[in-house]
Amino acid sequence: MSVSNGSSSVFPKTQTDWEKAIEELPATPEKIPAFFFGHGSPMLAFGEREAQQMGSFAQSNGPRSSLATFLKVFGPALLSKYKPKGIVVFSAHWETHGERLVTDYGDENPLLMDYYGFQPALYKLKFKSRGDEALSQRVVQLYENAGHLARTTTKEEARGKDGRGFSGPGLDHGVFVPFRLMFGEEFTDIPIVEVSIDGSLDPRKNWALGEVVAPLRREGILVLSGGLLVHNLRDMSSFSEEHANSLVKEFNQAILDALIIPDYAARKEALLGLVKHAGFRAAHPRADHFVPLYVGAGVGGPGSNAKVVCAIYGAPTVAFDL
């Protein structure tokens with residue numbers, strides 16, 4: 001276990017510790033907790049040879065990393081404890097301005113391989129899953145009832161650019177790369193619907209987006225929000241706890257410390273204030289991977305508690321409203 005700086009709290013960093021934290025999650029299908037999770041990078045899907053060529057970076061981000069191991073345990077535990085009827089997921093890789101878009105892809109969700117410059121094998125990855133019109137419409141209804149513009153998007157509408165050279169629809173790699181580890185390459189038992197985050201990247205707006213869909217958790221729906229708490233492609237050393245500079249590591253620790261504040265209002269204030277931390281821009285030149293934390297916290301609802309389930313550097317998993 002790892003002790004936080006300036007506090008007596010202990011965070012689950014080792015496999016033994018986060019396995020215990022997962023085991024201790026309450027089995028409450030009638031009220032499923034909200035989760036923010038570290039979705040990792042395409043390197044999670046690298047082959048062993050390619051990962052070895054990436055050196056120390058692969059140790060913290062590749063197929064044998066602690067994050068990969070965690071996701072393989074975390075996914076089955078979610079299904080076992082909560083027996084969800086469906087999954088609604090937010091990703092750092094889908095932003096829209098002025099309206100929420102909600103996937104409605106029918107009997108098979110396509111994949112948007114929105115990454116560039118990787119080996120050919122990464123453009124042949126498989127993750128078979130399905131959508132559900134009723135769930136998509138339920139999400140749209142919640143946003144409309146809350147005064148937001150919202151609509152579904154189908155396979156006929158492109159939602160982004162693809163590393164294979166075309167624009168198209170689909171679940172982005174912030175969803176299908178970790179979900180392949182969490183749920184297997186074929187996962188059609190329950191539907192998956194993706195929702196866009198607010199492209200303003202405003203912390204309060206994205207927190208509010210999460211709050212709108214909180215009722216789904218009492219309707220048997222697992223709501224996940226994926227991102228990373230350190231994401232600076234201009235400084236690849238920042239992705240490794242061993243090599244990251246002290247400012248980035250201090251920021252990562254400040255996030256964990258904010259998450260364990262017991263009082264909801266004080267926790268929310270501390271989390272929203274993280275964008276003013278001296279290390280924020282060193283960890284996030286752009287906030288797209290950070291604001292999903294606010295979405296996840298919002299899904300937890302007002303007055304909720306929070307628990308750090310896994311404190312892997314830069315890619316933790318946090319449960320809200322246990």
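**Pocket linings, notebook**

I sorted the lining of the second largest pocket by residue class and got 8 nonpolar, 5 polar and 2 charged residues. The model I am working from is predicted.

I then looked up the size of this second largest pocket, and its volume is about 270 Å³. Its lining consists of 15 residues, and those closest to the centre are Ser60, Phe239, Glu241, Ile312 and Tyr313.

Which helices supply at least two residues each to this lining? I found H3 and helix H4, the latter spanning 66-82. H3 holds the largest share of the lining of the second largest pocket, with 3 residues.

Next I turned to the largest pocket. I noted a volume of about 460 Å³ for it. I counted 24 lining residues there, and nearest the centre of the largest pocket lie Pro42, His93, His173, His231 and Leu233.

For the largest pocket I also checked the elements behind the lining. Helix H3, residues 56-61, and strand E4, residues 86-96, each supply at least two residues. Which element gives the most to this lining? It is E4, with 4 residues.

How values were computed
Residues are numbered from 1 along each chain as its sequence is written. This is a predicted model: local features need pLDDT of at least 70, side-chain atom pairs count only at pLDDT 80 or more; totals for chains, interfaces and linings use all residues. Side-chain values use heavy atoms; hydrogens and water are left out. On a 1 Å grid over the protein atoms alone, a cavity is a set of points where a 1.4 Å probe fits but cannot get out, and a pocket is an open set with protein on both sides within 12 Å along at least five of seven lines; lining residues have an atom within 4 Å of a point. Grid points are joined across faces, edges and corners, and a volume is the space filled by probe spheres set on the points. Ala, Val, Leu, Ile, Met, Phe, Trp, Tyr, Cys and Pro count as nonpolar, Asp, Glu, Lys and Arg as charged, and the others, Gly among them, as polar.
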